[in-house]
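Biologist: I should like to learn how to read a structural model, one feature at a time. May we begin with a single residue and then widen the view?

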Amino acid sequence: MTEYILKTKQLTKKFKNNIVLNHINLEIPKGKIYGLLGINGAGKSTTMKIITGIITSFEGEMKFNGQPWRRSSLNKIGALIEYPAAYENLTAYDNMKIVALEEDLPLDGIPITLNRLNINDTGNKKVKNFSLGMKQRLGIAMAMLKNPDFLILDEPFNGLDPYGIKELKEYLKELTENGKTVMISSHILPELQDIAEYIGIINNGSLVYQQAVTGKEDLNQIFFEKTQEGS
Ligand SMILES: Nc1ncnc2c1ncn2[C@@H]1O[C@H](COP(=O)(O)OP(=O)(O)OP(=O)(O)O)[C@@H](O)[C@H]1O
């Protein structure tokens, strides 16, 4: 039987009278990479902000690991939403140290995590002098420091060169091989096609598709069909 790390039931979000998420039932299986696809403005970031407790007012239910979602669920959820929230005037290490102190984590995890994300050699360089790709990798390192069970990444390939994309994909696959679950959003299908084991497509705030990827389906065609219907 499939176990789910996260399930939402009728998740709905309105900003004033604008319905941005419309009765969404997400089902994210444990130990897999789940790709959330949708065109700009479809509702991907809003969904992720609700799961990560950034947006607290919404309708519907959310279960994490089979239990109602609570703030304490965030101890097991790491996230990088929109922009990496690193201090620009500090080094990678010092940014990681702030996360470690805030979350009461041992400091010896810092070099290991920086090393794993390939940003261990930035020394005294301040984040303001990092490339976008380096900032992105630091943001993921900050999210991974607490060794979460569930990693949520909003558009994680932004700013990465082809080597960075390949490395990140390998890293995410390795995480799931070690039992972690990863949710990634993107508006670019090819970014997800070769790594996502499940795909959810969100269109105009509705979840219009949610399936395991078998490799036989034409995801490109499905994406266009599902995002044109009713848009
Ligand atoms: N704080 C807010 N107040 C009002 N409307 C908002 C707010 N945040 C998001 N929206 C609206 O909600 C809709 C969904 O936005 P969201 O950022 O979730 O989309 P997205 O799929 O992540 O898009 P993108 O790929 O461009 O990041 C958009 O119409 C957006 O304008």
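Modeller: We may, and please bear in mind that this model is predicted. Let us begin with Glu 197, which is partly exposed because 16 other C-beta atoms lie within 10 Å of its own. A residue counts as exposed at 12 or fewer such atoms and as buried at 20 or more, so Glu 197 falls in between.

Biologist: Where is Glu 197 found, and with which residues is Glu 197 in contact, leaving aside its neighbours within four places in sequence?

Modeller: Glu 197 is found in the loop between helix H6 (189-193) and strand E10. Leaving aside neighbours within four places in sequence, Glu 197 is in contact with Lys 32, Ile 33, Ala 212 and Val 213.

Biologist: How far apart are the C-alpha atoms of Gly 31 and Glu 177, which are 146 residues apart along the chain?

Modeller: Those C-alpha atoms are separated by 7.2 Å. Gly 31 is found in the loop between strand E3 (27-29) and strand E4 (33-37). Not counting residues up to four places away in sequence, Gly 31 touches Thr 176, Gly 179 and Thr 181. Gly 31 counts as partly exposed because it has 17 C-beta neighbours inside 10 Å.

Biologist: How does one judge the overall form?

Modeller: One compares the radius of gyration with a rule for globules. For 231 residues, a compact globule would have a radius of gyration near 17 Å, and the protein has 17 Å, which agrees. Along its principal axes, the C-alpha trace spans about 50 × 40 × 35 Å. The secondary structure comes to seven helices and 11 strands.

Biologist: How should I read a helix?

Modeller: An α-helix has 3.6 residues a turn, so residues three or four places apart point the same way. A second check concerns length. Helix H4 (residues 132-144) has 13 residues, which should span 18 Å at 1.5 Å a residue, and its end C-alpha atoms are 18 Å apart, in agreement. Helix H5 (residues 162-177) has 16 residues and reaches 23 Å from its first C-alpha to its last, close to the 22 Å expected.

Biologist: Is H4 mostly covered or uncovered?

Modeller: H4 is mostly covered, with 12 of its 13 residues buried. Among the buried residues are Lys 135, Arg 137, Leu 138 and Ile 140. The cover includes strand E7 (77-80), helix H2 (92-102), helix H3 (109-116), strand E8 (150-154) and H5.

Biologist: What should I look for in the phi angles?

Modeller: Most residues other than glycine have a negative phi. Gln 10, in strand E1, has a positive phi near 55°. Gln 10 is exposed, because 12 other C-beta atoms lie within 10 Å. His 23, in strand E2, has a positive phi near 50°. His 23 is partly exposed, because 15 other C-beta atoms lie within 10 Å.

Biologist: Which residues surround the ligand?

Modeller: The ligand is surrounded by Phe 15, Val 20, Gly 38, Asn 40, Gly 41, Ala 42, Gly 43, Lys 44, Ser 45, Thr 46 and His 187. This shell divides into three nonpolar, seven polar and one charged residue. Helix H1 (residues 44-51) gives the most to the shell, with three residues.

Conventions: Residues are numbered from 1 along each chain as its sequence is written. This is a predicted model: local features need pLDDT of at least 70, side-chain atom pairs count only at pLDDT 80 or more; totals for chains, interfaces and linings use all residues. A residue is near a molecule or strand if its C-beta atom, placed from the backbone, lies within 6 Å of it. Helices (H or I, at least four residues) and strands (E, at least two) are DSSP runs, numbered from the N terminus. Ala, Val, Leu, Ile, Met, Phe, Trp, Tyr, Cys and Pro count as nonpolar, Asp, Glu, Lys and Arg as charged, and the others, Gly among them, as polar. The expected span of a helix is 1.5 Å times one less than its number of residues. The radius of gyration is taken over C-alpha atoms; the globule rule is 2.2 Å times the number of residues to the power 0.38. Two residues are in contact if their C-beta atoms, placed from the backbone, lie within 7 Å.
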